[in-house]
Amino acid sequence: MRASSLRAGIAGALIALAATIASAAPAAPADSASPPSASVEAAPVAPRGAPWPPPLLTELPERDPVRAAIDRAWRLPAASLAERVARTQRAGLAFGLRELDGPARALLLAEEHGDLLTRAEHAVELAPGLPAAHASLARARRAAGDFPGASRALGAAIDAIAGHLEARAWAQRTLSEAAIGAACAWAAVFALLGAIASLPNLTYGLGATRAKLTGPAALAGIASLVLLLAWVEGPAGAVLGLAGVAMASGGMVKRVGVLISLGAALLALNGGFESAATGRLLLVADPVATAVQRIEAGLSTPADIGIALRAAPSDLDAARAIALHAKRSGDREAAVQYFARVLAERPDAGVYNNAANVAYALDDLPTAIALYEKSTQQSASAIAYFNLSQAYGRAIRLDDQDQALAKAQSIDALTVERLTGRVAEQAYVADASFSVEAVAARVAATGAPRRLAAALRERWAPGWLGKSLVAGIGVALIVLAAATAGGSTLVRAAGPRDFYADLARTLRAGVGDSSQRVAQLTKLRRQRARTDRVLTLLAICMPGAAGFRFGRPLLALVASLAFACGAATAAALAFAPPDPLAVGALPALLAQLVGIACVVVYGIATALAFALRVEE
């Protein structure tokens with residue numbers, strides 16, 4: 001996959017360098033009033049047989065004009081960090097960029113610009129959609145003792161994940177794998193504990209049958225059934241076998257707990273792997289989609305431009321990205337032609353908005369307003385309504401401007417505040433980026449996530465349990481029903497176990513006088529006391545065992561869930577290291593919260609099991 005991406009990047013760069021074009025000058029501000037040469041809607045659409053795409057009218061610059069302008073705005077002397085940040089924001093907005101990930105990431109690492117709290121606050125202003133910025137702010141506020149502020153920043157970091165490509169890829173993979181691990185570990189732990197609790201009754205019942213399977217022979221017979229399921233169905237079959245042993249003996253609460261935990265595992269096995277596979281492939285399965293998203297987000301490299309240029313003749317998403325790149329590079333004529341092609345074949349709210357921005361830059365206000373209105377009709381976006389208000393304002397339609405701005409504020413007041421705040425010394429319009437959902441949809445359309453999910457699931461459930469959710473539930477219900485019926489039959493045939501009746505039979509079978517029987521009774525009591533101490537120690541050390549030890553299977557279910565969630569979260573974070581520039585301190589903060597919650601729940605459930613123990 002990396003090799004193919006590299007080849008695509010080199011080929012695309014060669015195509016771009018071979019294109020006929022003038023030198024690189026920074027793009028003019030978005031509010032310049034150069035006369036229009038063609039409106040977006042009036043631009044001719046290339047006929048089906050005509051060459052496509054049209055040539056760009058300027059040479060590919062040696063240095064990206066967008067990055068150059070933003071870098072220049074950041075490096076110029078400033079009286080304060082706030083002034084530097086505001087100036088950089090203005091430079092970004094001149095190109096339609098609301099998110100400046102690069103400067104925000106650099107600021108988080110630049111300790112010479114102040115303490116972490118100050119840097120994080122300004123990083124959030126530069127890139128409000130960057131989870132790492134909000135996570136750093138949460139960590140800084142927590143260190144300063146501002147726990148409500150830290151909670152708000154942590155919530156903002158979590159909210160920002162969905163709209164950030166790199167963060168979404170990490171989170172989707174990590175959280176999905178953590179959920180799968182937690183569900184499967186929960187089912188395995190609870191089924192194992194339930195099976196251990198069932199063994200005394202099952203071995204007693206097997207010993208009362210004609211086969212007289214007692215002790216090791218009974219355990220071997222039970223183990224062989226579990227191993228048979230493991231051989232047929234893989235690791236998931238082993239868990240199902242343990243669940244069957246747990247269902248064979250016990251009360252209603254225990255059996256319902258087995259059903260709940262096993263059902264969660266089946267749901268995770270047959271649904272979670274698709275999400276995890278998408279997270280793994282989100283950045284690599286479709287290089288064109290990734291390049292398009294990076295170009296429109298202002299994070300492109302020359303390789304991204306080359307990939308999009310090569311794909312533009314047949315890929316409308318690539319064409320829209322090249323259109324936006326041409327507009328930001330100052331080549332508005334090429335941008336008009338590219339957008340006209342995309343508008344003619346597959347318009348959407350984002351394309352309408354960005355095409356309107358080109359018309360706005362060309363001072364073609366009637367076309368810009370018409371396109372903005374179409375964008376708002378397709379999707380109620382705060383950005384589109386804000387841009388529409390700017391166009392109304394330039395057209396001296398002040399009442400319409402106020403209404404559009406009020407609508408934008410009702411949708412997303414914080415975004416509008418950032419756009420109309422201290423950075424808005426002149427009129428700006430913002431571009432709409434290619435969404436992460438669109439990238440995920442393209443990745444899903446390749447079929448790669450489905451194939452990878454099947455390969456991952458094959459390791460854990462190669463048989464019917466992993467074939468589909470319906471098949472898995474059907475097999476599980478058959479096995480559990482058979483185990484329940486068989487266990488109930490054994491218990492009824494053997495009768496209830498009574499420790500004191502067994503003890504009386506043992507003493508009557510003994511020989512010698514009463515003093516010998518008393519000595520034997522004392523020995524048996526000591527053995528039972530030692531067994532109780534060992535079982536109590538296991539109840540403390542073995543996750544969830546206290547609930548079964550003291551007759552509280554519901555508390556065992558809760559404790560085993562807390563343990564499984566904590567262990568799975570730690571494992572998922574260990575095997576999927578985060579991107580420090582995308583999510584920053586967020587994984588560590590989430591791990592701490594999950595860890596604390598799991599420890600608290602586990603401790604409460606275990607303590608309650610001891611406190612509410614059912615006496616034998």
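User: How much space lies in the largest cavity?

Analyst: This is a predicted model, and the values below are computed from it. A search of the whole structure finds four cavities of 30 Å³ or more. The space in the largest cavity is about 130 Å³.

User: Which helix gives the most to the lining of the largest cavity?

Analyst: The lining includes Gln-89, Leu-93, Glu-125, Leu-126, Thr-415, Arg-418 and Leu-419. Helices α3 (81-94), α5 (116-126) and α20 (413-420) each supply at least two residues of that lining. With three residues, the one that gives the most is α20.

User: How do the residues of the lining of the largest cavity divide into nonpolar, polar and charged?

Analyst: Leu-97, Leu-100 and Pro-128 are among the lining residues, as is Arg-98. The division is six nonpolar, two polar and three charged.

User: Which residues are the closest to the centre of the second largest pocket?

Analyst: About 1300 Å³ of space lies in the second largest pocket. Its lining has 50 residues, and the closest to the centre are Arg-98, Glu-99, Gly-163, Ser-433 and Ser-435.

User: How many residues in the lining of the second largest pocket are charged?

Analyst: Several helices supply at least two residues each to this lining, including α8 (165-207), α14 (316-328), α20 and α21 (436-445). The lining holds 21 nonpolar and 14 polar residues. The charged residues number 15.

User: Which element gives the largest share of the nonpolar patch on the surface?

Analyst: The patch is formed by Leu-259, Leu-267, Leu-469, Ile-473 and Leu-477, with about 420 Å² of accessible area together. Two elements give two or more residues to it, α11 (252-281) and α23 (469-494). Leu-477, for one, is placed in helix α23. The largest share, three residues, comes from α23.

User: Is Ile-396 buried or exposed?

Analyst: Ile-396 is another residue other than glycine with a positive phi, near 60 degrees. Its place is in the loop between α18 and α19 (398-411). Exposed means over 50% relative accessible area. The value for Ile-396 is 64%, so the residue is exposed.

User: How far apart in sequence are the parts that Asp-286 and Arg-442 tie together?

Analyst: The two residues form a salt bridge, with the closest N and O atoms 2.9 Å apart. Asp-286 lies in the loop between α11 and α12, whereas Arg-442 lies in helix α21. The pair therefore ties together parts that are 156 residues apart in sequence.

User: Are Asp-286 and Arg-442 buried or exposed?

Analyst: Buried means under 20% relative accessible area. Asp-286 has a relative accessible area of 10% and so falls under that limit. Arg-442, at 18%, also counts as buried.

User: Where do Lys-327 and Asp-431 lie?

Analyst: Lys-327 and Asp-431 form a salt bridge, the closest N and O atoms being 3.2 Å apart. The pair ties together parts that are 104 residues apart in sequence. Lys-327 is buried at 8% relative accessible area, and Asp-431 counts as buried at 3%. Lys-327 lies in helix α14, and Asp-431 in the loop between α20 and α21.

User: What is the relative accessibility of Arg-394, which meets Asp-363 in a salt bridge?

Analyst: The N to O distance in this pair is 3.3 Å. Asp-363 lies in the loop between α16 and α17 and Arg-394 in helix α18, so the pair ties together parts that are 31 residues apart in sequence. Asp-363 counts as partly exposed at 32%. Arg-394 also counts as partly exposed, with a relative accessibility of 22%.

Definitions and conventions:
Residues numbered from 1 in each chain as written. Predicted model: local features only at pLDDT ≥ 70, side-chain atom pairs only at ≥ 80, totals over all residues. Heavy atoms only, no water. 1 Å grid on protein atoms, 1.4 Å probe; cavity = no way out; pocket = protein on both sides within 12 Å on 5 of 7 lines; lining within 4 Å. Points joined across faces, edges and corners; volume = space filled by probe spheres on them. Helix = DSSP H or I, 4+ residues; strand = E, 2+ residues; numbered from the N terminus. Nonpolar A, V, L, I, M, F, W, Y, C, P; charged D, E, K, R; others polar. Patch = residues over 30% accessible without salt bridge, like charges linked within 9 Å, V, L, I, M, F, W, Y side chains within 5 Å. Areas by Shrake-Rupley, 256 points an atom, 1.4 Å probe, with all protein chains shown as cover. Salt bridge = Lys/Arg side-chain N within 4 Å of Asp/Glu carboxyl O. Buried < 20%, exposed > 50% of the residue type's maximum accessible area, 1.4 Å probe, protein only.
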